[in-house]
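Colleague: Before we look at this together, could you take me through the words you use, one term at a time?

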Amino acid sequence: MLLVFYLIFLNLFDFIIYGVDKYKAKNDKWRISEGFLLLTAFFGGSLGAWAGMLIWHHKTRKPKFYITVPVLSVLLIICCALCLYSNYHLTVSEYNVEIGLPEELTIVQISDLHNQSFGIGNSELMRRIEEQSPDMIVVTGDVIDSTHTSYSIALDFFEKASTIAPVYYITGNHEVRLMGSRFNEFLTRLDELGVIYLDDRYIDCGSYIIAGIADISLDDFHAYEAFDDSKPVILLAHEPQYDGLYSSLGADLALTGHYHGGQIIIPGKGGMMSPEFEFFPSIYEGIHDFSGMKLVLSRGLGNSVFPVRINDYPEIVVVKVH
Ligand SMILES: [Fe+2]
């Protein structure tokens with residue numbers, strides 16, 4: 001959203017300054033430099049600049065304007081289209097994991113929604129989740145974004161998701177920043193919707209255990225001891241880099257997110273950057289083996305401070321657990 005406001009502001013600004021410069025040229029006043037006019041077009045204001053050139057009949061005979069500004073405009077349109085496609089093209093990744101369950105369990109994992117909507121009222125996201133006929137939906141943190149906080153999208157998501165299958169939820173680092181009375185009201189509402197809040201809790205489901213770790217507890221975890229080995233353990237946690245902790249607790253399958261796929265995936269090189277500013281982290285998506293434990297790392301669905309995904313499509317993860 002910030003990027004949209006930036007582009008709207010810059011294009012309006014460019015449109016106006018081309019008009020102002022035309023007025024100054026007519027009235028023989030101090031002019032805006034051509035370098036500045038081109039620079040603002042280069043940084044995303046080219047459509048406004050082009051409109052300004054045409055409406056105010058300004059700089060239309062100078063090749064460095066009548067060639068550069070339309071070329072920059074076409075590039076801007078291509079970049080915006082690619083960015084929109086990369087940010088909103090929903091994908092489904094499916095994994096099969098054997099942990100010794102008596103019956104197959106279909107888990108849909110939703111991670112890092114960050115207040116994003118896919119279709120009006122997240123209709124497209126819901127449709128794709130429902131298609132999977134899940135036995136449970138697990139939400140592994142950052143459903144809200146702390147930089148543009150809105151509880152309404154998250155609540156709407158939980159309300160709709162809980163009509164499809166039981167929903168389990170743990171917090172991510174963004175919810176940690178929001179903790180306080182408003183967040184507690186949010187949790188109360190989730191409780192009313194029947195969402196199972198699994199921060200630092202576990203539930204014995206008979207043939208397996210489902211456990212969760214609050215993001216705030218990751219550095220000093222004491223909520224529960226390692227599980228006895230008699231039952232398979234499915235663990236929900238936000239951050240993948242604590243794989244040693246998850247494995248030491250006896251998790252057979254850990255479902256994580258947080259990395260957003262590295263935001264930009266470069267073929268042959270991987271995800272560009274982790275939220276900890278590690279360039280090309282060793283893992284950025286997919287399923288991984290850590291001393292017998294399977295760790296799923298979702299690319300997630302939304303964005304936070306860095307609003308762009310490139311070649312890093314939003315992901316619904318489906319895990320068929322046996
Ligand atoms: Fe996130």
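Modeller: The centres of domain 1 and domain 2, taken over C-alpha atoms, are separated by 42 Å, and the domain assignment places domain 1 at 2-86 and domain 2 at 91-321, with bounds that come from an automatic or database domain assignment. This is a predicted model, in which local features need pLDDT of at least 70, side-chain atom pairs count only at pLDDT 80 or more, and totals for chains, interfaces and linings use all residues. Residues are numbered from 1 along each chain as its sequence is written.

Colleague: How do you know which residues of domain 1 and domain 2 are in contact, and how many are there?

Modeller: Two residues are in contact if their C-beta atoms, placed from the backbone, lie within 7 Å, and by that rule four residues of domain 1 are in contact with seven residues of domain 2. Helix 1 (2-26) and helix 4 (68-88) are the elements giving two or more residues to that side of domain 1, where helices (H or I, at least four residues) and strands (E, at least two) are DSSP runs, numbered from the N terminus.

Colleague: What makes strand 1 (91-97) and strand 5 (196-197) edge strands?

Modeller: The open sheet has six strands in the order 1-14-2-3-4-5, with mixed pairing, and two strands pair if DSSP finds at least two bridges between them. Strand 1 and strand 5 each pair on one side only, which is what the edge strands do. Strand 4 (residues 167-170) and strand 5 are joined over two bridges, in the parallel sense, and Tyr168 stands opposite Ile196 in strand 5.
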